[in-house]
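Subject: Structure for your review

Dear colleague,

Please find below the structure that I would like to hand over to you. My notes on what was found in it follow directly after.

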Amino acid sequence: MIQLDTICALATPQGIGAIGVIRISGERTFEIVNKIFKGKDLNKVDSHTIHFGTIRDGAVIVDEVLVAVFKTPKSFTKEDVVEISCHGSDYIIRYILKLLLQNGCRMAQAGEFTQRAFLNGQFDLVQAEAVADLIAADSEAAHKTAMNLMRGGFSNQLKVLRDELIHFASLVELELDFGEEDVEFAERDDLKSLILKIQNFLKILTDSFDAGNVIKEGIPVAIIGPPNAGKSTLLNVLLNEEKAIVTEIAGTTRDVIEDVLFMDGIKFRFIDTAGIRATKDVVESIGIERSKEAMRRAEIVLLLTDNQDINSDFIADFDESKIINVRNKIDLIGQTTNFEGLNISAKNNIGIGELKSAIVAKARVKKQADTMLTNLRHYEHLVKANEALGEVLNGLDLGITGDFLAQDIRLSLHHLGEITGSITSDDLLANIFSKFCIGK
């Protein structure tokens, strides 16, 4: 285990609350906390136990607290850890932190607890990054994806394939020691089959990146239609708030308006756009161009009309599979049975439930996928690993010597190792963990 300074930090959000939790981790944890905690000797208690007592500054009682004890290696960081649950007063929290610093702790840096867990072998870098994703998860789908990564779903699959590739790499390297005898320890057909298998796995992961990112950031849903069709009214009804300005004047919306809604555990980003029509107004023209861009970026498009038509040239270049046709203002113009879509009245909240169900059904969320890529750093290394494996395949087809094959195999292994953290640099770790909150 790597021995480092003993660190402390507030693990709960800043601000006044019922309680605050202060986390301490390191070799001197129990020694330091014993100096300010009046209760049981923490060196003598069992791991995973909680003890009542007081935090004292000499004769001054600072607070009554509960102290949770986690002894190495059975803790998050695999070091001795204490968590002090005190009252949530800013004054009390600052006071306890000051006492810890005076007795030998230092303040933790952003993500340092999780970084220590990684350095001490608690989990790999993919799982460490998933901790931050889990904290930030704001939907069922994002939570499920982060939880699977944190529990090692992606890492375990990658490790099996990487170990197989290492085996072949070692055989190819061994051949180099017997270069003059012209022997092959690594069966070329078996190596080719393994590379094709790994490439297939990497392709599934890289193909899932767009869908995974959508889960993380929210599925974009663009509301497109002619002016005064009720797009802003529909946005307000879906969000249940007056987000967009609604008037009888056509062309009120000049820019893209965006907000978030959660349905069926999925995060959606609804985008209200400028009405589509021919116009000489410069500002409105810019808004219409942005509407077109929103439609291109959207995973789902609500094509909203009333008794007007949208220029067919406008939608000709877009993917019809992501469009939901919606006819608004049926309270005024009535329903038509020959309309291939949903009839609604946004103003009177008619058909909105059916529309929400249709949006959820259309959502491009691969809930059945066990592993989904959401991290750009992982994506970049997987692409580079795949490219290196492609060079190995080309080399096998051309019958090149083992030294050139070994070079490309090592490059692929390097990129796979960068993902899980078996190959890392201090700069990489500093960059990753600097994005964490201080107490994690």
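In this predicted model, isoleucine 7 stands opposite arginine 106 in strand 7. Strand 1 (residues 7–10) and strand 7 run parallel and are joined by two bridges. Both belong to an open sheet of seven strands, whose order is 3-4-5-6-2-1-7 and whose pairing is mixed. Strand 3 and strand 7 (106–107) are the edge strands, each of them pairing on one side only. Helix 2 (residues 90–102) packs on this sheet and touches strand 1, strand 2 (17–25), strand 4 (49–57), strand 5 (60–70), strand 6 (81–88) and strand 7. The direction of helix 2 makes about 150 degrees with that of strand 6.

At the edge formed by strand 3, phenylalanine 37 deserves a separate note. This residue lies in strand 3 (residues 37–38). Is phenylalanine 37 buried or exposed? Its relative accessibility is 6%, and because buried means under 20%, phenylalanine 37 counts as buried. Beyond its neighbours within four places in sequence, phenylalanine 37 is in contact with Leu42, His51, Phe52, Gly53, Thr54, Ile55, Val65 and Val67. Phenylalanine 37 and arginine 56 are 19 residues apart in sequence, while their C-alpha atoms are 6.3 Å apart in space.

A further group of strands involves strand 10 (residues 266–272), which is mostly covered, with seven of its seven residues buried. In a regular strand the side chains alternate between the two faces of the sheet. In strand 10, Ile266, Phe268, Phe270 and Asp272 point one way, whereas Lys267, Arg269 and Ile271 point the other way, and all are buried.

Which strands pair with strand 10? Strand 8 (residues 219–224) pairs with strand 10 in the parallel sense over five bridges, and phenylalanine 268 is the bridge partner of isoleucine 219. Strand 9 (residues 257–263) pairs with strand 10 in the antiparallel sense over seven bridges, with isoleucine 257 opposite aspartate 272. The hairpin of strand 9 and strand 10 has two residues between the strands, and aspartate 264 takes a positive phi near 55 degrees there.

Finally, an annotation from the record may be of interest. UniProt, in an unreviewed entry, places the feature "binding site" at Ser232 and Thr253. Serine 232 lies in helix 9 (residues 231–239) and is buried, with a relative accessible area of 8%.

Yours sincerely

Definitions and conventions:
Residues are numbered from 1 along each chain as its sequence is written. This is a predicted model: local features need pLDDT of at least 70, side-chain atom pairs count only at pLDDT 80 or more; totals for chains, interfaces and linings use all residues. Side-chain values use heavy atoms; hydrogens and water are left out. Helices (H or I, at least four residues) and strands (E, at least two) are DSSP runs, numbered from the N terminus. Buried means under 20% relative accessible area, exposed over 50%, partly exposed in between (1.4 Å probe, protein chains only). Contact means heavy atoms within 4.5 Å. UniProt positions are given in the numbering used here, feature names are shortened, and annotations may be inferred rather than shown by experiment. Two strands pair if DSSP finds at least two bridges between them. Axes are lines fitted to C-alpha atoms, for helices over the stretch in contact, and angles run from 0 to 180 degrees between N-to-C directions.
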